[in-house]
Amino acid sequence: MIQTAFLALCVVFATPIAALAQRPALIPEPREFHNGDDISLARGVSVTASSKDAEDSFAADDLLAFLKAQGIEHAGKGTRIYLLRDTSSEGKRALTDEKLTLDAPMQDEGYVLFTSKRGVYVVARSAAGLFYGAQTVKQLVSGSGDHAVLQGCVIRDWPAMKFRGVHDDLSRGPVPTLEFQKRQIRTFAAYKMNVYSPYFENTMQYASNPLPGLPGGSMSKVDAEALVAYAKQYHVTIVPEQEAFGHLHHVLTWQQYANLAEVPVGAVLAPGEAGSLQLIKQWFTELAAIFPGPFLHIGADETFELGQGKTAAEVKERGLGAVYIDFLTKIHTELAPLNRRLLFWGDVAMNDPALVPKLPKDMIAVAWHYEPEADFSKWLDPYTHAGMETWVAPGVNNWNRVYPNNNLALGNIQGFVAAGQKAGSTGMLNTIWNDDGEGLFAEDWYGVLFGAAAGWQAGTSDIAEFQKDYGKVFHGDATGDLDQAQLALMQAHQAFAKAGVEDARDALFWLDPWTAEGQETAAKLKPSLDEIRLDAEHALTLIAQARQAGNLREPDAVDAMELGARRMDFIAFKFQTAGDIAGTYQRLYQNQSDPETRKHMSRDLWNLSGANGRCEDLRDGYGYIRDLFKAAWLKENRPFWLDNVTAQYDMAMQLWITRADKLRAARQQWEATYTLPAPEAVGIAQQAAK
């Protein structure tokens, strides 16, 4: 390693400002933090790495690029920022002068960061530690240009869990572009996550099995290799998950693979079919050549059809757990030449804890559960008691919702990751699922960043502290308005739950209020509709205020938050409006002989079906949100699948256009005959009018 003797040659200009009374907003929170005098960056900065190591140079360049984006000039006579290895003479001297140590637990990914009159120092044993220290430097900077200030401090920091990552569903609709995946990698790394796990059912392209991976809707080898190379710079390992047992419906619908299905056109591979292991080996041999990391994820969750078809007799004789574990063991044996450790989901084998010890000990059980719980031992004990390594997989609770339910997500992440740390779990995969096909990753950053914090920080992470820091750290929002907007959306979810409908689901967004199910739901929601709308609209107001206050970072995430708030508000507005339309028409119909009602009959019917009428309100609402959704989708995803979602918007718009036409015809009938058709004739059931 080549050293540079710059310390003795540099004159450092660092202007102290009064030290702050408390720790600044940081995600994750560092293990040890002490305040110091702030440093003005008005004269610019220089960033120097003590070695010629390419990884250290990358960390320096990455930090410098961030500072430049804040309007902070690169200036040799400005504040010096030093990135030093603790094995270098400069690093040793810096630590000795400040009486600081880099202890054994800190050596893999930890760092020491301190400020002094001589500048800002980051000292680490590893390239990853140096990079993570540089990410903390970014968060210590507030203001921009001549007003930029770096919070003075002394930090010693290292992670609680070795592997900290995000598991991203690429198989239920949205397939991100390579550019967006690179953005994900940059952001994961900025918050000290080191694993990205893309989830494949039929959305990875394989040379050996080209049919399932649809062109335009799957990831190519070229893109995957480019992403691996890009992620390496940011100390992120890609752990591909290819389902190898269940969730394979889109593979098994091809005639070529039909004979491998447990049940016809099902989703589970039949363990007894020789071709099943052959297919798995072909897939994972290609994956291992593309993704050089130490892990491969074989999935194997929710194998609901096992025992219902070809294995029925064997499962009846030996039990489901035995058949399942035997097949996992065979997969392990088949893939052993690849020299990778295999991860698998822990939801099936956990139900037969006596058989878990039969699994190969070098497999890693990924325990998953997505609700807050007082005790998570049920999901971990079957594996820890068998001496197996475990990772924990909480979830951001985005699936099937118009916006993630962070009431559930934060509690689940907090409790499960803390339980995993206590149980000795070495990794955390925060999961994102797109079961509804409508998922937008930009909506998920709140839960993703709390997962980053929980995986890095030791013990139980503080939700309230995170909620106070998020807007400032992620968006650069000094007003606190975006933090309050997130809380308002959480309150809106609670208002849905209070009404007995769980939370703001996509199904509610699409549900026709005049169907039998819609009428039943409307009755439940009615007491909470005003509250839901006020919460959602409060969030929209706060978002607007935050935008007005200044330039926000991560604007796409702010746009996605706005979209979520608008969809929540529209759900409640739709049920209010549909109820008003039905109730008004029913009243007009029942009172059509009343002289006072007859005076305003034509006008009242016009208000339902004419220009700016209530039916148009619903048509317009779906149309506007459709356009927002499409724009948000294309910022991160390929066009693939988008039409499946926008078609629902178009159908919903057409529904209310058709109803407006029927009500318009009813008005024309009134003007011609002074009679109205029955509510049922215009699509209004009796119950809907109540």
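**Reading the terms in this model**

Tutor: A search of the whole structure finds 48 salt bridges. The model is predicted: local features need pLDDT of at least 70, side-chain atom pairs count only at pLDDT 80 or more, and totals for chains, interfaces and linings use all residues. Residues are numbered from 1 along each chain as its sequence is written, and side-chain values use heavy atoms, with hydrogens and water left out.

Student: What makes Asp503 and Arg401 a salt bridge?

Tutor: The term asks for a side-chain nitrogen of Lys or Arg within 4 Å of a carboxyl oxygen of Asp or Glu. The side chains of Asp503 and Arg401 meet at 2.5 Å, N to O, so the pair qualifies. Side chains of opposite charge can pair when their charged atoms come close.

Student: Which parts does the pair of Asp503 and Arg401 tie together?

Tutor: Asp503 lies in the loop between α14 (481-498) and α15 (506-510), and Arg401 in the loop between β18 (389-393) and α11 (406-423), so parts 102 residues apart in sequence are tied together. Helices (H or I, at least four residues) and strands (E, at least two) are DSSP runs, numbered from the N terminus. Both Asp503 and Arg401 are buried, a word that means under 20% relative accessible area, with exposed over 50% and partly exposed in between (1.4 Å probe, protein chains only).

Student: How do you know that Lys468 forms a salt bridge with Glu465?

Tutor: Their closest N and O atoms are 3.1 Å apart, so the pair meets the cut-off. Both residues lie in helix α13 (residues 463-475), 3 residues apart, about one turn of the helix. Glu465 has a relative accessible area of 22%, so Glu465 is called partly exposed.

Student: What makes Asp556 and Lys635 a salt bridge?

Tutor: The closest N and O atoms of Asp556 and Lys635 are 3.5 Å apart, so this pair also passes. Asp556 sits in helix α18 (residues 555-590) and Lys635 in helix α21 (residues 614-636), so the pair ties together parts 79 residues apart in sequence. Lys635, at 38% relative accessibility, counts as partly exposed. Both belong to a network of salt bridges that links Arg183, Arg547, Glu554, Asp556, Asp559, Glu562, Arg566 and Lys635.

Student: Which bond joins Ile27 and Pro28?

Tutor: A cis peptide bond joins them, with omega about -10°. Pro28 lies in the loop between β1 (15-17) and β2 (32-35).

Student: Why does Gln139 count as buried?

Tutor: Its relative accessibility is 15%, so Gln139 falls under the buried limit. Gln139 is found in helix α3 (residues 127-140). Its side chain reaches the backbone oxygen of Ile27 at 2.7 Å. Not counting residues up to four places away in sequence, Gln139 touches Ala25, Leu26, Ile27, Ala190, Tyr191 and Val473, where contact means heavy atoms within 4.5 Å.

Student: How do you know that the span of helix α5 is close to what is expected?

Tutor: The expected span is 1.5 Å times one less than the number of residues. Helix α5 (residues 221-233) has 13 residues and reaches 19 Å from its first C-alpha to its last, close to the expected 18 Å. Asp223, Ala224, Leu227, Val228, Tyr230 and Ala231 of α5 are buried. Their cover includes α4 (178-190), β12 (195-200), β13 (237-238) and α7 (274-290). Just after α5, His235 takes a positive phi of about 60°.

Conventions: A polar contact is a pair of N or O atoms within 3.5 Å; within protein, one must be able to donate a hydrogen and the other to accept it, and residues adjacent in sequence count only if both atoms are side-chain atoms.
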